[in-house]
Amino acid sequence: MPQSVGLSSNDKLLSCVKRSTYNRIEIGFLEKKERKKQRMEINKNKYSIIVPTYNERLNIALLVYLVFKHLRDVDFEIIVVDDGSPDGTQEVVKQLQQVYGEDRILMRARPRKLGLGTAYVHGLKHASGNFVVIMDADLSHHPKYLPSFIRKQLETGASIVTGTRYVKGGGVHGWNLMRKLTSRGANVLAQTLLWPGVSDLTGSFRLYRKSVLEDVISSCVSKGYVFQMEMIVRASRKRYHIEEVPITFVDRVYGSSKLGGSEIVEYLKGLAYLLVTT
């Protein structure tokens, strides 16, 4: 009977190297295929970025520049909803329209301050994209995170992607200890009472499917800063798929914060309202 000859050490090593090479090639092929699929999905989507403004003359131009810088291969429009800023914000936006085009920079002004919630409703009426991004104009929401929002949505199929300061990789820069404690305490209180399933209820940097935003926003009654919390709570109750992306919130460099004692009282009233109605 002929004896079977086993593989030598060199043959075994060569076989392992071949298998490892084949695996790397296959993984690389699959990753390339997935990236191509994501690019095709991005090309099919249009993103409407709604930016409410009031006295943001010193910030809006830089914000627009950064959005264009970080979304080079994405179809998007920026909808500026200005509430009658006396500082010349609208004049700056008109100059930006001359640079980037009125089809990319839309100004949908209102005569006076009418509330943050209604600003989003107003902007949504003019949005032509199938996805909507809401973000602040004061550079506290850096546009560098927008590709992460889009990528997370493509990978998960989420209806909402929200930026969060309160997971690993997220944080706050430029706040004093008291403001950090106030924000953290507000979130802990809301988490305890409402169980929304997200870590950052008071954040206002989010990406929505347009149809989902239209549905959620139609059921909201808040007008001010509590509007953001109400939207995410109601979306959670409607069982929409929500994903989170860690962000670092940076306190505004130019201008003054519009958050004051009246907004804190409004937040507490809104929290009580949501506790009763959701």
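Rings of Phe, Tyr and Trp (its six-membered ring) pair if their centres lie within 6.5 Å; planes under 30 degrees apart count as stacked, over 60 as edge-to-face and the rest as tilted. By that rule, this structure holds 5 aromatic pairs.

The model is predicted: local features need pLDDT of at least 70, side-chain atom pairs count only at pLDDT 80 or more, and totals for chains, interfaces and linings use all residues. Residues are numbered from 1 along each chain as its sequence is written, and side-chain values use heavy atoms, with hydrogens and water left out.

## Aromatic rings

Start with F68 and Y100. Their ring centres are 4.1 Å apart and their planes sit at 20 degrees, so the pair is stacked. F68 lies in helix α2 (residues 60-70) and Y100 in helix α3 (residues 89-100), so the pair ties together parts that are 32 residues apart in sequence. Helices here are DSSP runs (H or I, at least four residues), as are strands (E, at least two), and both are numbered from the N terminus.

Is F68 buried or exposed? F68 is buried, with a relative accessible area of 17%. Y100 has 26% relative accessibility, so Y100 counts as partly exposed.

Now take Y120 and F227. The centres of these rings are 6.1 Å apart and the planes are at 25 degrees, so this pair is stacked. It links distant parts of the chain: Y120 is in helix α4 (residues 116-125) and F227 in helix α8 (residues 226-237), 107 residues apart. Y120 is buried, at a relative accessible area of 2%. F227 is buried too, with a relative accessible area of 2%.

Ring pairs also build a cluster. It links F68, F76 and Y100.

Some rings carry a charge over the face. The test is that NZ of Lys or CZ of Arg is within 6 Å of the ring centre and within 35 degrees of the ring normal. R104 lies over the face of F76, 4.4 Å from the ring centre. K113 lies over the face of Y54, at 4.7 Å from the ring centre.

## Salt bridges

Side chains of opposite charge can pair when their charged atoms come close. A salt bridge is a side-chain nitrogen of Lys or Arg within 4 Å of a carboxyl oxygen of Asp or Glu. The structure holds 5 salt bridges.

| Lys or Arg | Asp or Glu | N to O distance |
|---|---|---|
| K46 | E77 | 3.6 Å |
| R165 | D200 | 2.7 Å |
| K238 | D215 | 3.7 Å |

E77 forms a salt bridge with K46. E77 lies in strand β2 (residues 76-82) and K46 in the loop between α1 (9-44) and β1 (47-53), so the pair ties together parts that are 31 residues apart in sequence. E77 has 3% relative accessibility, so E77 counts as buried. K46 is partly exposed, with a relative accessible area of 21%.

R165 forms a salt bridge with D200. R165 is in the loop between β5 (160-164) and β6 (171-173), and D200 in the loop between α6 and β7 (206-209), so the pair ties together parts that are 35 residues apart in sequence. Both R165 and D200 are buried.

K238 and D215 meet through their side chains in a salt bridge. This pair links distant parts of the chain: K238 is in the loop between α8 and β8 (242-246), D215 in helix α7 (residues 210-218), 23 residues apart. K238 counts as partly exposed at 38% relative accessibility. D215 counts as partly exposed at 26%.

## A nonpolar patch

Which residues form a nonpolar patch on the surface? They are L189, L193, I264, L268, L275 and V276, with about 520 Å² of accessible area together. Such areas come from the Shrake-Rupley method with a 1.4 Å probe; for residues, only the protein chains shown count as cover. Patches are made of residues with over 30% relative accessible area and no salt bridge: like charges are joined within 9 Å, nonpolar side chains (Val, Leu, Ile, Met, Phe, Trp, Tyr) within 5 Å.

Two helices, α6 (177-194) and α9 (261-277), each supply at least two residues of the patch. The largest share, 4 residues, comes from α9. L189 is found in helix α6. This residue, L189, is partly exposed, with a relative accessible area of 35%.

Technical notes. Buried < 20%, exposed > 50% of the residue type's maximum accessible area, 1.4 Å probe, protein only.
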